[in-house]
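Dear colleague,

I am passing a structure on to you with this message, and below it you will find some notes on what turned up. Please read them with the structure open beside you.

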Amino acid sequence: MFGKRKEKTDRLLIVEDDALLAQVLTQSFVDENFEVLNINNGLKALAAAGRFKPDVILLDLVLPGLDGFGVLKRLKEESETASIPVVVVSNLDSVADVKSAKALGAEEFFIKANSKLEKIVGFIKAIVKK
Amino acid sequence: MDGAVVLILTVIPASFFVAFFYQAYRLRALAREFKKEKVNTETQKLRVEAMLDSIGDGVVATDKDGVVIFLNKVAEEILAWTPEMLGKRLGDISLLADENGRHISVQKHPLHLCIAKREKIVTKDYHFVRPGSFDLAVYISATPIILNNAVVGAIEVFRDITQEKAVDKAKSEFVYLASHQLRTPLSTIGWYLEMLLSRDAGPITKDQKTYLDEAYLSNRHMVELVNEMLDASRLELGTLAPKTEPIKLLEILNEEIGEVTPLADKKQIAIKKKVPKVFPVISADPKHSRIIFQNLLTNAVKYTPEKGLVNVTVAVDGSNYRIAVADNGYGIPKAEQSKIFSKLFRADNIKDKIPSGTGLGLYTVKSIVDQLHGSVSFVSQENKGTTFTVTLPLTPARDAAKKG
């Protein structure tokens, strides 16, 4: 379904339920030559991760289906997705939320409203270079 | 001779009778008085009991060992009072648990604690555990009765606060949702503007850049406002106890000075620091300390013209510590000084010079300081400068034993 992997492009799975936000995020990564898949539901995201095999995942926390914490936990539990770096991008900001996300294995926690898009893009690019 | 005998035989008994009747009369008068007093006292007692019964709060009075000697109607109902409880200690007949469900021992029961410590004890986070009935969240205030320097008894007043707790829960859920809902469209706008400004959608003219910059600035301003509103809201949820941990205050100060340094450098403002070589590790909520430093430092740098000076001092003062931030900036006009801690207030003399500012910073600082039983004050002269001083206790008041 996702076809042969394009040479030299990195795959990014964006799990975000706000359509407008997903659009601007996707565009900024397409501009950087990423192959981007957009999923707006937590449960569907788990299935998609298994099949799309992204190099990195951008994960929102407030999601329909299964919330971001649930998705993150299951991603890290499944052997085929456990090693994919996950970066949380959310507008929740409590110290408890950030701690939980990092404890569950998130590489980083960006608060959408407080973070520049270029900072997030830069961080993702640095992760896939490794 | 007969006459004298007759006199003696009549006068002596007569005087006895007179004395007797007189005493009887006096005794009856006294008895009447006692009866009147007894009725008065009983009436007063009934009046006091009626008053206590019509109070919506539970009132319990105990002797110096905490054994119950009186309860009003509300207390009887809430504690499911039965006659077997007579002669027992309040801690033994009312089971308390904290918000985590952990049972409170008899010694830590507010009433027994107030007798042991000889001071008023107030708790807001306990609930009565009532087997066969639902738990009741209560506000408890226990005060010892001290006569001639000895504790002779104690009084506990408690109030059902289920409603207040429900309102607080609703407020924190609102804050939680608002942080997400308000910020999402703000993020979207911000990111699209970012894309436009970095020419991702093609080249832009000079005028277009100017308009886009303004829009972006406004967007950032709104994000800052939402952030500060959320911080202030979270503080207003009065019953939320600070999450304290051992913190290194001076480290936090250095980090916050670092955060404000880029802005200070841009304005060529020097920030000088005077702190003790050694400062004790204190128990505090690091977020509170950050907010205090952040606001005082940002204000000092923002409201001081170029090439100005900001001085930060931290010092221990008895059982408190003091944080002072002084600047030689625009100052606060005397006519507006009384409003400086109000929500959303910004003084007229800086509104035009520095358009960005939410007017929430000092309100938030004062809320935090009040909650920690500290104090915040300032001295200021227009165009000369301002010094803000925050004083806080080194050891926070224990949640379960706040002084009245």
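Angles under 35 degrees count as roughly parallel, over 145 as roughly antiparallel, 65 to 115 as roughly perpendicular and the rest as oblique. This is a predicted model, in which local features need pLDDT of at least 70 and side-chain atom pairs count only at pLDDT 80 or more, while totals for chains, interfaces and linings use all residues. Residues are numbered from 1 along each chain as its sequence is written, chains are lettered from A and ligands numbered from 1 in the order in which they are written, and side-chain values use heavy atoms, with hydrogens and water left out.

In chain A, the axes (lines fitted to C-alpha atoms, for helices over the stretch in contact, with angles from 0 to 180 degrees between N-to-C directions) of helix 1 (residues 19-30) and helix 5 (residues 117-129) come within 11 Å and cross at roughly 55°. Helices (H or I, at least four residues) and strands (E, at least two) are DSSP runs, numbered from the N terminus. Helix 1 of chain A and helix 5 of chain A are therefore oblique to each other. Where they meet (heavy atoms within 4.5 Å), Val24(A), Leu25(A), Ser28(A) and Phe29(A) of helix 1 face Leu117(A), Ile120(A), Val121(A) and Ile124(A) of helix 5.

In chain B, an open sheet of 6 strands runs in the order 2-1-6-5-4-3 with antiparallel pairing, where two strands pair if DSSP finds at least two bridges between them. Its edge strands, each pairing on one side only, are strand 2 (68-71) and strand 3 (96-97) of chain B. Strand 4 (residues 121-128) and strand 5 (residues 136-147) of chain B pair over 6 bridges, and Ile121(B) has Ala142(B) in strand 5 as its bridge partner.

Best wishes
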